[in-house]
Number of protein chains: 2
Amino acid sequence: MVYLSKSLQQAVEELSKLPGIGRKSAQRIVFYLLKLSTEDVTALADALINVKQKAKYCSICFNITETDPCPICTASHRDRSVICVVEEANDVAALEKSGEYKGLYHVLGGSLSPLDGIGPDDLKIKELLLRLQEDVVTEVILANNPDAEGEATALYLTKLIKPLAIEISRIARGIPVGTDLEYADEITLLKAIEGRTKL
Amino acid sequence: MVYLSKSLQQAVEELSKLPGIGRKSAQRIVFYLLKLSTEDVTALADALINVKQKAKYCSICFNITETDPCPICTASHRDRSVICVVEEANDVAALEKSGEYKGLYHVLGGSLSPLDGIGPDDLKIKELLLRLQEDVVTEVILANNPDAEGEATALYLTKLIKPLAIEISRIARGIPVGTDLEYADEITLLKAIEGRTKL
């Protein structure tokens, strides 16, 4: 890449490491940054360093937070009898956005994936079981992703939680709202029919 | 957005200002950053600040560079008799990537757009004419974008350069290589037929 000066090259390099940003997008972003004021670029850079420095994991639910325990775990108005198990902290953000769920969360930090060498000890499963034993939890909602690893993890958790006599549920898998039935894959359609609700 | 802590919110905010990055991508990037080491995040932030601090405009061709004049303007092996006029510095990067062109460049800094209040004085047109009068230029290639503003700018430049008895050419507009004819719009097809070459 002789056609870009060293500092440009480096910025493109760094940006294209980010998820969803290829070389072309990175280059476009860098040229955009050059048109911004130094203050704006510094604000961006500071925000990135700041989030990395301040954000940590909640010691209860392992969500990302600035205060430990996190605002969700300490909120007095939330239903402490329900725990929703998710894979990643961004899943918490996504569910909170929907605004419907009022219980607590537990972030596993991934899903079981023997091929990638991720076993039960690499996830926050021990910590979940401890919460279920100590707290007054009556229901666990498994919101693992509906892919092979997520389903396997949900199955594994079900086996562990069943003996504790706590209600377990799995989020519904079906046709996404606003899409066309004909574009759904067979497995999603199968799950949609299996999970049909009475009217 | 109660579901994201303040520093996360701010980072998402800053990132979603960038071109091609929406709120969802920004959030995805922030959660990705949190999994990186502090060094990696600092490297990214530093690269962004560094490129902004070091990059400046070449005083001859107005390309973005760390050294003034830029490496292209000072390169001894390049053909100084041809100047390729482009709108933005990233166009130089794109053309250099193709590796075929061996002449010099002139970056206008945009295109004429009366609706946006961009007139001839807002572009580096004066500077281009000065170069054409002083230097030993025999050909000007107009590589302005093939949109309405770019075509208007090319037409405007043609009128200014014609009296100087310098050869003027416009980059070919036609069907992009590797695509299907049926997906091309009518104007592109028209230009492709107009610009046909004898075999």
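## The sheet in chain A

Chain A of this predicted model has an open sheet of four strands, ordered β4-β3-β5-β6, with parallel pairing. Strands here are DSSP E runs of at least two residues, helices are H or I runs of at least four, and both are numbered from the N terminus; two strands count as paired if DSSP finds at least two bridges between them. β4 (103-107) and β6 (167-170) of chain A sit at the edges with a single partner strand each, so one side of each has no neighbour in the sheet. On average, neighbouring strands are turned by 25° against each other, direction ignored.

Take β5 (residues 139-142) of chain A: it pairs with β6(A) in the parallel sense over four bridges. A:Leu142 has A:Arg170 in β6(A) as its bridge partner.

## Helices across the sheet

Helix α5 (residues 89-98) of chain A lies across β3 (79-86) and β4 of chain A, at about 155° to β4(A). Helix α7 (residues 148-161) of chain A lies across β3, β5 and β6 of chain A, at about 170° to β6(A). Angles run from 0 to 180 degrees between N-to-C directions, using axes fitted to C-alpha atoms, for helices over the stretch in contact; contact means heavy atoms within 4.5 Å.

## B:Leu132

Over in chain B, B:Leu132 belongs to helix α6 (residues 125-134). B:Leu132 counts as buried because its relative accessibility is 5% (buried is under 20% relative accessible area, exposed over 50%, partly exposed in between; 1.4 Å probe, protein chains only). Leaving aside neighbours within four places in sequence, B:Leu132 is in contact with B:Ile83, B:Val137, B:Val140, B:Ile161, B:Leu164 and B:Ile166.

## Ground rules

Residues are numbered from 1 along each chain as its sequence is written, while chains are lettered from A and ligands numbered from 1 in the order written. In this predicted model, local features need pLDDT of at least 70 and side-chain atom pairs count only at pLDDT 80 or more, while totals for chains, interfaces and linings use all residues; side-chain values use heavy atoms, leaving out hydrogens and water.
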